[in-house]
Amino acid sequence: MVERDSEDIKSKKRQLDIIRRERDSILRLLNQARLANLNKEVENLIQEFDRLDAVLSEEDSY
């Protein structure tokens, strides 16, 4: 009986470890997605600044 209880505890601990690893994996994926979105936003801002810089440069040449 004690051996069976010990096995049940080990099994539950293994399941808990699996759930924790899956949670950590999901958190990593979410962070990567956020970084990818942030990276895209920065690229868009850089393009917009480049466009504005070009417009302002043209105005300076008049």
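A salt bridge is a side-chain nitrogen of Lys or Arg within 4 Å of a carboxyl oxygen of Asp or Glu. With that in hand, welcome to this predicted model, where a search of the whole structure finds 4 salt bridges. The views below visit some of them, including the pair formed by aspartate 8 and arginine 4.

**View A. Aspartate 8 pairs with arginine 4.** Look for the closest N and O atoms of this salt bridge, which sit 3.5 Å apart. Both residues belong to helix H1, which covers residues 2-60. They are 4 residues apart, or about one turn of the helix. Arginine 4 is exposed, at a relative accessible area of 53%, while aspartate 8 is partly exposed, at 29%.

**View B. Arginine 23 meets aspartate 24.** Here the salt bridge brings the closest N and O atoms to 3.1 Å apart. Arginine 23 has a relative accessible area of 46%, making this residue partly exposed.

**View C. Glutamate 48 joins arginine 51.** In this salt bridge, 2.6 Å separates the closest N and O atoms. You will find both residues in helix H1, 3 residues apart, which is about one turn of the helix. How exposed is glutamate 48? Its relative accessible area is 34%, so glutamate 48 is partly exposed. Arginine 51 is partly exposed too, with a relative accessible area of 43%.

Technical notes. Residues are numbered from 1 along each chain as its sequence is written. This is a predicted model: local features need pLDDT of at least 70, side-chain atom pairs count only at pLDDT 80 or more; totals for chains, interfaces and linings use all residues. Side-chain values use heavy atoms; hydrogens and water are left out. Helices (H or I, at least four residues) and strands (E, at least two) are DSSP runs, numbered from the N terminus. Buried means under 20% relative accessible area, exposed over 50%, partly exposed in between (1.4 Å probe, protein chains only).
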